[in-house]
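Hi everyone, thanks for making time.

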Amino acid sequence: MHFVIMGCGRVGSTLALSLEEAGHDVAVVDQSASAFRRLGRGFEGRRVKGIGFDRDTLKEAGIEQAYAFAAVSNGDNSNILAARVARETFGVEHVVARIYDPRRAEIYQRLGIPTVATVQWTVDRVVRRLMPQGSVPEFIDPSGQIALSEVSIDRSWVGRRLAAMEEASGARVAYLTRFGQGVLPGPDTVLQEGDIVRFLSTTDAIPTIERVLADAPPHE
């Protein structure tokens, strides 16, 4: 498949090399020709010097044949503008924009433009590892109403069925990680020591879910 990447910084160059190593065709766009040195001599894709939201530049990069487009330069406005041009002008279905300001990311996410807010992504994961409970969702849908969250569970739940946790918390178990492997639970799946459980719920229900699962289960 053909991928177009705007921005040849550390993220863009790493992404380009990873995609090429996976066997894909890649074009990288950057305003600075010197930025392409990050790709190394072995990079076989296209290096296109120009503005990433300019239509002619994007055409030179093969945007009309692109499976996906990633705007990962160091400018929020440029990334969003380029992402919109790729999607709305050239009809690229798979588009993502790197955004530094998480407040902007929420706005564009609600407009249907997928974003990666790098600062907020890092902060969220640091907080999740510092806090006693997993109060920071791993994923929130574009409407802001549905969340996927890793929740801290009291050890007294070990040996109980996940279905009992769902009934008590009102949340749905999406999947669990057991011995480093993802597991899709069945109706009789039992919580084991060391399991990491992710729940799907409404965002406003997360505090209640955490409170319920941080306590011992009700007597059956």
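**Starting from the core**

Okay, the largest nonpolar core here has 23 residues, and Val 4, Ile 63, Phe 69 and Val 92 are the ones with the most contacts inside it. Keep in mind that this is a predicted model. Which elements give two or more residues to this core? Those are strand 1 (2-6), strand 2 (25-30), strand 4 (68-71), helix 3 (76-89) and strand 5 (94-99). Helix 3 gives the most, with 5 residues.

Let's zoom in on Ile 63. Leaving aside residues up to four places away in sequence, Ile 63 touches Val 4, Leu 58, Phe 69, Ala 86, Phe 90 and Val 92. As a bit of background, nonpolar side chains in soluble globular proteins tend to be buried together.

Now over to helix 7, which spans residues 206-213. Its buried residues are Ile 206, Ile 209, Glu 210 and Leu 213. If you look down the axis of helix 7, those buried residues fall within an arc of 95 degrees, so they line one face of the helix. And what do they pack against? The partners are strand 8 (146-150), helix 6 (162-169) and strand 11 (196-202).

Last stop, the surface. Ile 51, Phe 53 and Leu 81 form a nonpolar patch there, and together they have about 220 Å² of accessible area. Phe 53 sits in the loop between strand 3 (46-49) and helix 2 (55-60). Phe 53 has a relative accessible area of 30%, so it counts as partly exposed.

Conventions. Residues numbered from 1 in each chain as written. Predicted model: local features only at pLDDT ≥ 70, side-chain atom pairs only at ≥ 80, totals over all residues. Heavy atoms only, no water. Patch = residues over 30% accessible without salt bridge, like charges linked within 9 Å, V, L, I, M, F, W, Y side chains within 5 Å. Areas by Shrake-Rupley, 256 points an atom, 1.4 Å probe, with all protein chains shown as cover. Salt bridge = Lys/Arg side-chain N within 4 Å of Asp/Glu carboxyl O. Helix = DSSP H or I, 4+ residues; strand = E, 2+ residues; numbered from the N terminus. Buried < 20%, exposed > 50% of the residue type's maximum accessible area, 1.4 Å probe, protein only. Arc of directions from axis to C-beta. Contact = heavy atoms within 4.5 Å. Core = buried A, V, L, I, M, F, W, Y, C linked by side-chain atoms within 4.5 Å.
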